[in-house]
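Biologist: Could we go through this model together? I would like to begin with the strands and then turn to the ligand.

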Amino acid sequence: MTPFGSDAGAGSRDTYGGYRARLVDQLRAQGIRDLAVLQAFSVTPRHLFVPEAVRHRAYEDAALPIGNGQTISQPFTQARYLETLGLKGDEKVLEVGTGSGYQTALLAALAGPVFTIERVPALAKSAQAALRSAGLNVSMLVGDGTLGWSAYAPYDAILVAAGGPEIPPPLVEQLSSRGRMIIPLGARGAQKLTVVRRTAGGVQTTPIGDARFVPLVGEHGFDG
Ligand code: SAM
């Protein structure tokens with residue numbers, strides 16, 4: 001995996017390497033063990049994905065505002081998500097809720113082709129710009145991710161980055177037979193992080209912990 005180099009950050013020298021290393025140490029201290037996940041955090045320039053006003057906080061293990069009432073998730077939460085998906089490097093992945101694009105970049109470091117959907121056009125635009133400045137070319141759709149992106153299905157892994165009241169049926173249909181999905185399920189503001197697998201008998205769901213994500217808004221989510 002190639003680091004984003006000494007030139008990550010709109011033409012300036014990457015002065016953030018030490019901060020990234022400290023963040024990786026914190027993730028390790030909190031129990032993240034997957035070396036590929038830790039490596040993805042050590043090479044992905046989070047400072048490119050947060051607004052200027054909070055750039056000095058880019059490598060805190062904290063959720064930060066990204067505008068339009070949305071947040072870039074806490075790195076530890078994202079690391080847990082990614083560790084749970086257990087990506088090996090060649091999977092086709094669908095992400096619902098691009099937000100800043102940071103988790104999209106982490107997925108690109110860990111998997112094969114990544115497809116991402118964001119419902120808020122302004123966020124999609126700035127995420128696409130940040131991904132480009134990080135040297136990544138990711139397929140992005142602006143729309144309702146609860147409907148999935150059938151043109152590129154099936155997906156080996158689906159990551160939903162917003163909390164919904166139910167598992168959107170189109171996402172189950174678009175999951176490959178051996179695929180796995182991770183989605184926060186429950187009420188607005190309080191969900192269970194849930195792993196979903198397709199089985200011969202239907203769908204198997206396994207709750208793996210509490211979560212607090214912004215609402216998944218859409219046809220198979222909450223009303224806007
Ligand atoms: N992981 C992201 C990051 O690294 O910045 C943060 C994602 S943020 C917690 C959740 C995102 O899901 C928001 O940007 C929100 O607009 C988006 N969202 C909510 N409902 C959606 C839907 N139905 N389809 C696509 N995006 C949706």
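Biologist: Which residue in strand 9 is the bridge partner of Gln-191?
Modeller: The partner of Gln-191 in strand 9 is Ala-211. Please note that this is a predicted model, in which local features need pLDDT of at least 70, side-chain atom pairs count only at pLDDT 80 or more, and totals for chains, interfaces and linings use all residues. Residues are numbered from 1 along each chain as its sequence is written, and side-chain values use heavy atoms, with hydrogens and water left out.

Biologist: How many bridges join strand 8 to strand 9?
Modeller: Nine bridges join strand 8 to strand 9 (residues 202–211), and the two run antiparallel. Strands are DSSP runs of E with at least two residues, helices are runs of H or I with at least four, and both are numbered from the N terminus. Two strands pair if DSSP finds at least two bridges between them.

Biologist: What joins strand 8 to strand 9?
Modeller: A hairpin does, through two residues.

Biologist: And how do strand 7 and strand 8 run, parallel or antiparallel?
Modeller: They run antiparallel, with eight bridges between strand 7 and strand 8 (residues 190–199). Ile-183 has Thr-194 in strand 8 as its bridge partner, and Pro-184 stands opposite Leu-193. Strand 7 and strand 8 also form a hairpin with two residues between them, and Gly-189 in the turn has a positive phi of about 85°.

Biologist: Which strand pairs with strand 7 in the parallel sense?
Modeller: Strand 6 (residues 155–160) pairs with strand 7 (residues 175–187) in that sense, over four bridges. There, Ala-157 has Arg-180 in strand 7 as its bridge partner.

Biologist: Now the ligand. Which residues come nearest to the ligand?
Modeller: Of the 27 residues around the ligand, those are Gln-78, Ser-100, Glu-118, Gly-145 and Val-217. A residue is near if one of its heavy atoms lies within 4 Å of the molecule or strand in question.

Biologist: What does Glu-118 do there, in terms of distance to the ligand?
Modeller: A polar side-chain atom of Glu-118 lies 2.6 Å from an oxygen atom of the ligand. A polar contact is a pair of N or O atoms within 3.5 Å; within protein, one must be able to donate a hydrogen and the other to accept it, and residues adjacent in sequence count only if both atoms are side-chain atoms. A polar backbone atom of Gly-145 is 2.8 Å from a nitrogen atom of the ligand.

Biologist: Which elements give two or more residues to the shell around the ligand?
Modeller: They are strand 2 (70–72), helix 4 (102–110) and strand 4 (114–118). Strand 2 gives the largest share, three residues.
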